[in-house]
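Colleague: Could you walk me through the side-chain contacts here? I would like to see the model first.

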Amino acid sequence: MVWINPAAAWESAVDAAAGLTCDEVVLLLVTEEEAEHDAFTGLLGPAGHEPGEAFAGVEEEQAAALFDEAEARIGRPVRRLWERGVAEHEVVAAASGADLLVCVRDGARELPGPDSLGPVTRFVVDHAPCGVFLVWPGDRAAR
């Protein structure tokens, strides 16, 4: 499973996964509904319509484009999994059936160790129910 984390250099994780030998590659994208809802808090019109509903199609197009780009980088068919919710919880839950989770370090590159992971990725690494392959942004060594 490859976590496509738009907040990190997800391309490095996909490139690393392309070099692995496995039967199936699952691309995982998580979008946080709570953050989107909070962005529109207070913008409800008098009829009570949620402005976020108008952007749902845009989000789907963006997700499809991310998946398409990641699949092209992998170079073979993949299974796409798009979850919505709290990123760290959704990634850990989705990885429950995986043999390996590939993700990108998203912290300070000049500080190897705990500071090389942001809080969400740190949570995923600490709670993953499978092996985790951490890749540095820009690292193409696995290819």
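Colleague: Which residues are linked with Asp15 in a network of salt bridges?

Modeller: A quick note on the basis: this is a predicted model, where local features need pLDDT of at least 70 and side-chain atom pairs count only at pLDDT 80 or more, while totals for chains, interfaces and linings use all residues. Residues are numbered from 1 along each chain as its sequence is written, and side-chain values use heavy atoms, with hydrogens and water left out. A salt bridge here is a side-chain nitrogen of Lys or Arg within 4 Å of a carboxyl oxygen of Asp or Glu. By that rule, Asp15 is linked in a network with Glu69 and Arg73.

Colleague: Thanks! Which helices hold arginine 73 and aspartate 15?

Modeller: Their side chains meet in a salt bridge, 2.8 Å from N to O. Helices are DSSP runs of H or I with at least four residues, strands are E runs of at least two, and both are numbered from the N terminus. The pair ties together parts that are 58 residues apart in sequence, because arginine 73 lies in helix α3 and aspartate 15 in helix α1.

Colleague: Is aspartate 15 buried or exposed?

Modeller: The classes use relative accessible area with a 1.4 Å probe and protein chains only: buried is under 20%, exposed is over 50%, and partly exposed lies in between. Aspartate 15 has a value of 3%, so it is buried.

Colleague: And how many residues of α1 are buried?

Modeller: Among the buried residues of α1 are Trp10, Val14 and Asp15. The helix is mostly covered, with the buried count being 7 of its 9 residues.

Colleague: Last one: over which ring does the charged end of arginine 84 sit?

Modeller: A charge sits over a ring if NZ of Lys or CZ of Arg is within 6 Å of the ring centre and within 35 degrees of the ring normal. Arginine 105 meets this rule over tryptophan 136, at 4.8 Å from the ring centre. For arginine 84, the distance to the centre is 3.8 Å, and the ring belongs to tryptophan 82.
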